[in-house]
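This briefing walks through several parts of one protein model, topic by topic. Please keep the sequence and the structure in view as you read.

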Amino acid sequence: MSSIDRIRRVSRRSMPEMDGAPLLIPVALTAAVLLAGHFRTIPENMIGGLAVIVGLGMLLGPLGNRLPVVSRIGGGALVCLLTPSILVYAKVFDGNTVRAVSALMKQANFLYFVIATLVVGSILGMSRKLMVGGLIRIFPPLLAGTVAAVAAGLAVAMLFGNSFHRALFYIVIPILGGGIGEGVIPLSSAYSSALGGEPGSYVAQLIPAAIIGNIAAIITAGVLRRLGDRKPELDGGGRLVRVGGDQLRPSTEIPSLTTDSIATREPNYALGVLMITGLFVFASLLEKPVHLPAPVLVIILAVLCKLGGVFPASVEADARAVYAIIARWFIFPTMIGLGMVYLPLNNVMAVLSVGYVIACTAVVLAMALTGFLVGRAIAMYPVDAALVTVCHSGLGGTGDVAILSAADRMNLMPFAQISTRIGGVTTVISAAWLIRLFG
């Protein structure tokens, strides 16, 4: 062996690695992408956006999972969500970089592709018994958690000097409204109609509570995960209902199927993507006649397909194969995109105070604790029931991805989406009626 070969072998052994690849490769490529952003040459399309979020997600996600304290309260998900948001607030990123990510996350709607993949793939990976049992049982903890969250939020906010009106309509309701697009925006229109003024002025008052509540929910999810690790009897690992035998698979596993021919078959990823996107497009087609949003309808369609055995096992495996890739490799990058585009810290900084943060946190903790206790009382796994319930206090689909990522429970996405969408719609409708009553 030549001396050059020996040097190369020694350098390979001493070089830090990430998932079997030299760490230098993602570091160098990410640095090149950010340098391109400095010179405003990142393509402002899907390619440029993916280059930014994947590079940063590969580096910041594992870093967050290794940091002391942070790794125990959300780890990689929290770091990937907050770091880019802070950097955008500090104007570290060039506008070209932010626009490239915005083109991917908003114009190309990469977020909805991730959510649709997690919903369809996880539903097709469930047993029928657990799916039906979970769908039926999530409503008691969700309802009880909502009532407890409203009561706790009002009590704490008023304790810090807020009026009943401000505590309810500008702190509690924005957290439970189901996100910015699905909650804050329609709420601002309802408030404007009832109280007068421009909707935009209400948006600035509603967004801070929604963002702080989402961050509190992510941290709570990280703590719940640690509790489940310490007390396995409380943790279903992605299962909601305590039943023997059949279980939900872990989020990154592609389940083996019953017949050898299917088990050894290479997944058809193109067909899996077609199933996921096709169901979402069909759900979009049904939006107007059914009067339900596509993210909710895609859950219903996937459940009906599973219950009716519409797709053969081999085709279900194709969708789960795509799901496994997204759940394992693209969650941290998605968090980067969410932090850069959907988490405007300038709104939060304008109203930040100790009492405000404590009141928002009280809403989330009451939701989680009630979900935990009610879930345990009705034979659900308390940790998983609390996670699904606390998703009601997140930023819609954005929050669901972040919360479940912090807890490593992406296979709970269908239940989380129901908690967020149905809970959010109910909150918005109730608030629109109440603001006229108390306005």
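The buried residues of helix α14 pack against α6 (110-124), α7 (128-137), α13 (269-290), α15 (313-329) and α21 (413-438). This is a predicted model, in which local features need pLDDT of at least 70 and side-chain atom pairs count only at pLDDT 80 or more, while totals for chains, interfaces and linings use all residues. Residues are numbered from 1 along each chain as its sequence is written, and side-chain values use heavy atoms, with hydrogens and water left out.

**Helix α14**
- Helices are DSSP runs of H or I with at least four residues, numbered from the N terminus, and α14 covers residues 294-307.
- The 14 residues of α14 should span 20 Å at 1.5 Å a residue, and this agrees with its end C-alpha atoms, which are 20 Å apart; the expected span is 1.5 Å times one less than the number of residues.
- Of the 14 residues of α14, 11 are buried, so that the helix is mostly covered; buried means under 20% relative accessible area, exposed over 50%, and partly exposed in between, with a 1.4 Å probe and protein chains only.
- Among the buried residues of α14 are A294, P295, V296 and K306.
- After α14 comes G309, whose phi is positive, near 60 degrees.

**Helix α4**
- Helix α4 (residues 75-89) has 15 residues, which should span 21 Å at 1.5 Å a residue, and its end C-alpha atoms are 21 Å apart, in agreement.
- The buried residues of α4 include G75, G76, A77, P84 and S85, and they are covered by elements that include α3 (46-66), α11, α16 (331-341), α17 (345-351) and α20.
- K91, which follows α4, has a positive phi, near 60 degrees.

- D235 is placed in the loop between α11 (199-230) and α12 (260-263), and it counts as buried because its relative accessibility is 12%.
- The side chains of D235 and R409 are joined by a polar contact of 2.5 Å, where a polar contact is a pair of N or O atoms within 3.5 Å; within protein, one must be able to donate a hydrogen and the other to accept it, and residues adjacent in sequence count only if both atoms are side-chain atoms.
- A polar atom of the D235 side chain also lies 2.8 Å from the backbone nitrogen of G237.
- A103 lies in helix α5 (residues 95-107) and counts as buried at 12% relative accessibility.
- Although A103 and G49 are 54 residues apart along the chain, their C-alpha atoms are separated by 6.8 Å.
- S405, in helix α20 (residues 396-407), is buried, with a relative accessible area of 11%.
- Leaving aside neighbours within four places in sequence, S405 is in contact with A77, I331, F332 and M410, contact being heavy atoms within 4.5 Å.

**Confidence**
- The mean pLDDT of the chain is 86, and 90% of its residues reach 70 or more; pLDDT is the predictor's confidence in each residue, from 0 to 100.
- Over residues 245-262, however, the pLDDT is below 50, and this stretch has 34 contacts in the model beyond near neighbours in sequence.
- Where pLDDT is low, the predicted coordinates should not be read in detail.

Notes
Helices (H or I, at least four residues) and strands (E, at least two) are DSSP runs, numbered from the N terminus.
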